[in-house]
Amino acid sequence: MSPSLPEALSAVPRHRAFIGLGGNLGDVQARFRAALAGLHGLPGTRVEAVSSLYSTRPVESSGPDYLNAVATLQSALGPRELLHALQALELAHDRARPYQNAPRTLDLDLLSYGGYCCHSAELTLPHPRMMARAFVLAPLVEVMSSLGGLGDVDAAVGQALPDAAARLALAQSQGIERLGPLDWAA
């Protein structure tokens, strides 16, 4: 008798992945909670931690202000399988892509995956624009700190974070505001 998928995945190594969550249309907090529950339910995957919610003016986009957060996962899925799962969750929450950087109901970005680096038409890791976006950096630093400190950032995200002064300047220029915790298990 062959093992079930969860049993088979128990022997597969887990990798830490950082996921950026964003949205500016509809009930974004409810979509975040549903997306996090969906991520937690993926085979061989569990959500480790979730940052606070942050409000940000649109960056290279339009429409109302965005809500953003970062979650960290441990997953047995490979980076491309995880990317496909993120895209399926976006579609399940009415994500439309009428044009680049259009306002959205839910955006799930694979920011980094176990320090893995790649560049293809489908996937670039670490995320190519995350170091220039305060709405990624602020919640990323927060969630990394909740996991026991920033430690070896290069290994965790595949590149060094800008220093605190540069992150503050970026946050001020992009109008980011910490709103407080997201009770994602609600």
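Which residues in the largest nonpolar core touch the most other members? Let's start there. One caveat before I go on: this is a predicted model.

Okay, so that core has 30 residues, and the ones touching the most other members are Ile19, Phe32, Leu39, Leu82, Leu108 and Leu110. As for where the core comes from, at least two residues each are supplied by β1 (15-23), α2 (28-40), β2 (45-50), β4 (66-75), α3 (79-92) and β5 (107-113). There's another core apart from that one, with 19 residues, and its members include Val70, Leu111, Leu137 and Ile176.

Leaving out residues up to four places away in sequence, Phe32 touches Leu21, Gly22 and Gly23, then Leu53, then Leu67, Asn68 and Ala69, and finally Leu106 and Leu182.

Zooming out to the fold, we've got 6 helices and 8 strands. Reading from the N terminus, the order goes α-β-α-β-β-β-α-β-β-β-α-α-α-β. If you look at contacts with a separation of 6 or more, 75% of them are between residues 24 or more positions apart. Of the 186 residues, 46% count as buried. The accessible surface is about 8,900 Å², and carbon and sulfur atoms account for 55% of that.

Now, α4. This helix covers residues 134-146, so that's 13 residues, and at 1.5 Å a residue the span should be 18 Å. After α4 comes Gly148, with a positive phi near 110°.

Last topic, the cysteines. How many disulfides does the structure hold? The count is 0. Cys117 is in no disulfide, and the nearest cysteine sulfur to its own is that of Cys118, 7.9 Å away. Is Cys118 buried or exposed, then? Its relative accessibility is 13%, so Cys118 counts as buried, given that the limit is under 20%.

Conventions. Residues numbered from 1 in each chain as written. Predicted model: local features only at pLDDT ≥ 70, side-chain atom pairs only at ≥ 80, totals over all residues. Heavy atoms only, no water. Core = buried A, V, L, I, M, F, W, Y, C linked by side-chain atoms within 4.5 Å. Buried < 20%, exposed > 50% of the residue type's maximum accessible area, 1.4 Å probe, protein only. Helix = DSSP H or I, 4+ residues; strand = E, 2+ residues; numbered from the N terminus. Contact = heavy atoms within 4.5 Å. Disulfide = S-S within 2.5 Å. Expected span 1.5 Å × (residues − 1). Areas by Shrake-Rupley, 256 points an atom, 1.4 Å probe, with all protein chains shown as cover.
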